[in-house]
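Please read the following report with the sequence and the structure side by side. It is written for someone meeting this structure for the first time.

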Amino acid sequence: MKSVGNDIVALNNIDKQRTCQPRFYSKFITPPEQALYSQTGTPFESFVLLLWSVKESAYKYRKRSEAGLVFSPSKIIIQQIEQTNNFENDNFDGTQLANILYKGNVSLGVAKLYFRSIIHNDYIATIVNDDEDFKNVYWGVRLIDKADNENQSTSVRSFVLNKLNSLFLDSELRIEKSSVGYPVLYNGTGLMDIPLSFAHHGNYVAYSLLIYK
Amino acid sequence: MDRKEILIELKKVLTPYTESKEMLDGINEQTDLIKDLKINSANLVDIIIDAEAQYNIEIDFDAAEKMYNVGNCIDVISDKINKPA
């Protein structure tokens, strides 16, 4: 089953001091993952939150095909991570300034997924895919004015519909929620086979979507 | 400490992380932290750390992953209170 998964962490909404404490990060980062820190060249709190966002994204990816899946971050293992100068075949809708880019892979049981992450001054955003080539994955990050749940939800829907309306002209696109909780896209009354994933935290919203046909 | 007392204390732990105050007032063991209380998943570890301090217990990550609804949180906390490490 084709899927997508993403996550965003707004850095202004994080307690950086707590993030760096072992009692915090040891709840979801395993000792072999801690050893990856030396390869990242980033402040430790960013490393911790980067791994969190990869794990959350991978969970959302799998949840689409395994409705009963429970988020177990310590069982989602980042195998490899590296900084990169640019992403090949990338469809990112957001500011490209002052971003540090990471890529790598992550395992959940026997499944292996690939990720791309951005560390921006104000947020960390991640997407995952089952292929190292992300040419069919579209993603975006947007700053919003109010951080309440309702505005986050409205804003991320409007953001992704703007993108989709630019790709599918003359369509009547709308988004509903599946019984499991992930977003699904309709054109009129017909279900569209375009997996969507949304994330929000504080004043940032983010989406990823896959167009593979 | 019985389940009702744990629930009262748990509400205090959850308060800073939800804007759904009405839902928080009416929480029961079926309330889902993310779907019902709209708690951001980025705060789940904060809640576990705060619960550890509130109840003077240690919650390892195998237990922590069960804490997605209020009833499961109470199960984990009750178990740790009754079986101190």
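This is a predicted model: local features need pLDDT of at least 70, side-chain atom pairs count only at pLDDT 80 or more; totals for chains, interfaces and linings use all residues.

In chain A, five strands make up an open sheet, arranged in the order β1-β6-β5-β4-β2 with antiparallel pairing. The edges of this sheet are held by β1 (5-10) and β2 (76-84) of chain A, and because each has a single partner strand, one side of each is left without a neighbour in the sheet. From one strand to the next, the twist averages 20°. Strands of a sheet pair through backbone hydrogen bonds, which may run in the parallel or the antiparallel sense.

Another antiparallel pair of chain A is formed by β8 and β9, and the table sets it beside the pair β4 and β5.

| Strand pair | Residues | Sense | Bridges |
|---|---|---|---|
| β4(A) and β5(A) | 100-108 and 111-119 | antiparallel | nine |
| β8(A) and β9(A) | 173-177 and 183-187 | antiparallel | five |

Within these pairs, Val106(A) has Leu113(A) in β5(A) as its bridge partner, while Ile175(A) has Leu185(A) in β9(A). The hairpin of β8(A) and β9(A) has five residues between the strands, and in this hairpin Gly181(A) adopts a positive phi near 120°.

**Helix α4 of chain A**

Across β1, β2, β4, β5 and β6 (123-129) of chain A lies helix α4 (residues 44-63) of chain A, which runs at about 150° to β1(A). The 20 residues of α4(A), taken at 1.5 Å a residue, should span 28 Å, and the end C-alpha atoms of the helix are 29 Å apart, which agrees.

In the contact between them, domain 1 of chain A takes part with 16 residues and domain 2 of chain A with 14 residues. On the side of domain 1 of chain A that touches domain 2 of chain A, the elements giving two or more residues are β1, α4 and β6 of chain A, and the largest share, six residues, comes from β1(A). By class, this side of domain 1 of chain A has seven nonpolar, four polar and five charged residues.

**The contact with chain B**

Between the chains, 13 residues of chain B are in contact with 15 residues of chain A. The elements that give two or more residues to the side of chain B touching chain A are α3 (44-55) and α4 (61-64) of chain B, and α3(B) gives the most, with three residues. This side of chain B is made up of seven nonpolar, two polar and four charged residues.

Technical notes
Residues are numbered from 1 along each chain as its sequence is written. Chains are lettered from A and ligands numbered from 1 in the order in which they are written. Two strands pair if DSSP finds at least two bridges between them. Helices (H or I, at least four residues) and strands (E, at least two) are DSSP runs, numbered from the N terminus. Axes are lines fitted to C-alpha atoms, for helices over the stretch in contact, and angles run from 0 to 180 degrees between N-to-C directions. Two residues are in contact if their C-beta atoms, placed from the backbone, lie within 7 Å. Ala, Val, Leu, Ile, Met, Phe, Trp, Tyr, Cys and Pro count as nonpolar, Asp, Glu, Lys and Arg as charged, and the others, Gly among them, as polar. The expected span of a helix is 1.5 Å times one less than its number of residues.
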